[in-house]
Amino acid sequence: MSLKEDIAKHKASLPLRYTQEWLQARFREFYATAEPELPPRFTAREWGMLGWGGKMMQRHLAFRSEGELQARLAREAPAHVYHSVAYYAHPSAGKMNEKQWQAADLIFDLDADHLPEMELLKQGKISFGALMEITRGQAVRLAEDFLLGDLGLALEDLQLVFSGGRGYHVHVRAPAVLELPSGARRELADYLTGRDADGERLLIDAGHVVDDGFRKKFKSDLRLPATDAPGWQGRVARYASAWLTEAQALPPDERLARLESLPGVGSKLAKRAQLDGTPQEVFDTLPRRAQTALRDAALIACAVHADEPVTGDLHRLIRLPGTLHGGTGLLARSVTLDELRDFDPYRQATALGDAPVKVQSAVRHPVAMGDVVALDPGEVAELPAAQGAYFMARGFATLEVEA
């Protein structure tokens, strides 16, 4: 490399170095007074911290007191802070088999990257903010429908956390789940998706045997379960009932078009449908193909896509609530179920204040922080620190250093 090239490379690296230094300084200011949300039995957990500039993760840490942890955070201001989901007899041991596993919280990680709608984002059909809204809805559904509903857990056994990044973590600490093996945890993650559900049993077959004098045969007759039926049956029933109620409210031509929109249902089958009566009565008279299409649509619409390897990993490290996310500058924070229903992370998880900072866009396309603020390619903008930190931490912008 020539001297000229070396100087050019050095100049190009300066904005990145200054950006990182600015971010770490803001994190240090935050941790000087922060009080992270310590998990139960925190002295029995392994801790991990990731520094700035691509440094390797520090693992196998243990803390004897809250003050000891806070002092380290204030001193090092790491980019990321994690604790184990597991409880160990010797959490600081250097090898996993020496730690002596005792139990582990059940964890569900809902990340925008794992949603089917991620493909729509890649195709430019939805924004990242819209994808985050879908992820939030999944977290609500996981808590309400599956954990409190199907599994009968108590709300006090759940901790709902905005991850600080692209989704939400749900910690389950009911005594009944703490000693579940990895396989059982993975089965729970599978159950959320509905992919292993027996489609034939999600609807009620009220068929009967027909005897035509020569032979007997079973004539199937599919019916919709009650909307308060347990598990996936009730979920399918509620989805189908809501779908049909919406269809009944439409003008006649639009009703027909709505039925035709179901996979495998053409105009001929749609015209045979009777859309008068209760949703249950309407469903029971639909052509079979329309019935199964509604069932399959319910399986897609009601699924929750948690990261299965995270749920099944008994030794996983998870981000500590009350700490900052080095990839966004946002706060990983606990929320109540009511707060989660309309939670806006870009407004409610900022923690670095409003002091102005100048940033320069480092990408070739517009980028946005939800619907709070956006940057155009090449733009230099003065933003509140929390918003500037978001763009810089994500690599969308660098600190504007004035000569």
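## Exercises: packing around helix H8

In this predicted model, the axes of helix H8 and helix H9 (residues 252-260) come within 8 Å and cross at roughly 150 degrees.

**Exercise 1.** Decide how H8 runs relative to H9, then describe their contact.

*Solution.* 
- Step 1. Take the angle, roughly 150 degrees. Angles over 145 degrees count as roughly antiparallel.
- Step 2. H8 is therefore roughly antiparallel to H9.
- Step 3. List the contact residues. H8 gives Trp243, Glu246, Ala247 and Gln248, and H9 gives Arg255, Arg258 and Leu259.
- Step 4. Sort them by class. The contact of H8 with H9 has 3 nonpolar, 1 polar and 3 charged residues.

**Exercise 2.** Classify the packing of H8 against helix H12 (residues 288-301), and work out the make-up of their contact.

*Solution.* 
- Step 1. Start with the geometry. The angle is about 110 degrees, and the axes lie 9 Å apart.
- Step 2. Apply the cut-off: 65 to 115 degrees counts as roughly perpendicular. H8 and H12 are therefore roughly perpendicular to each other.
- Step 3. Find the H8 side of the contact: Trp232, Val236, Tyr239, Ala240, Trp243 and Leu244.
- Step 4. Find the H12 side: Leu294, Arg295, Ala297, Ala298, Leu299 and Ala301.
- Step 5. Sort by class. This contact of H8 with H12 holds 11 nonpolar residues, no polar ones and 1 charged.

**Exercise 3.** Locate the largest pocket and describe its lining.

*Solution.* 
- Step 1. State the volume of the largest pocket: about 520 Å³.
- Step 2. Find the centre. Of the 25 lining residues, the closest to it are Asp111, Arg166, His169, Arg319 and His325.
- Step 3. Trace the elements. Strand E6 (106-111), strand E8 (167-172) and strand E13 (317-319) are those that give two or more residues to the lining.
- Step 4. Sort the lining by class: 9 nonpolar, 8 polar and 8 charged.

Technical notes: Residues numbered from 1 in each chain as written. Predicted model: local features only at pLDDT ≥ 70, side-chain atom pairs only at ≥ 80, totals over all residues. Heavy atoms only, no water. 1 Å grid on protein atoms, 1.4 Å probe; cavity = no way out; pocket = protein on both sides within 12 Å on 5 of 7 lines; lining within 4 Å. Points joined across faces, edges and corners; volume = space filled by probe spheres on them. Helix = DSSP H or I, 4+ residues; strand = E, 2+ residues; numbered from the N terminus. Nonpolar A, V, L, I, M, F, W, Y, C, P; charged D, E, K, R; others polar. Axes fitted to C-alpha atoms, helices over the stretch in contact; angles between N-to-C directions. Parallel < 35°, antiparallel > 145°, perpendicular 65-115°, else oblique. Contact = heavy atoms within 4.5 Å.
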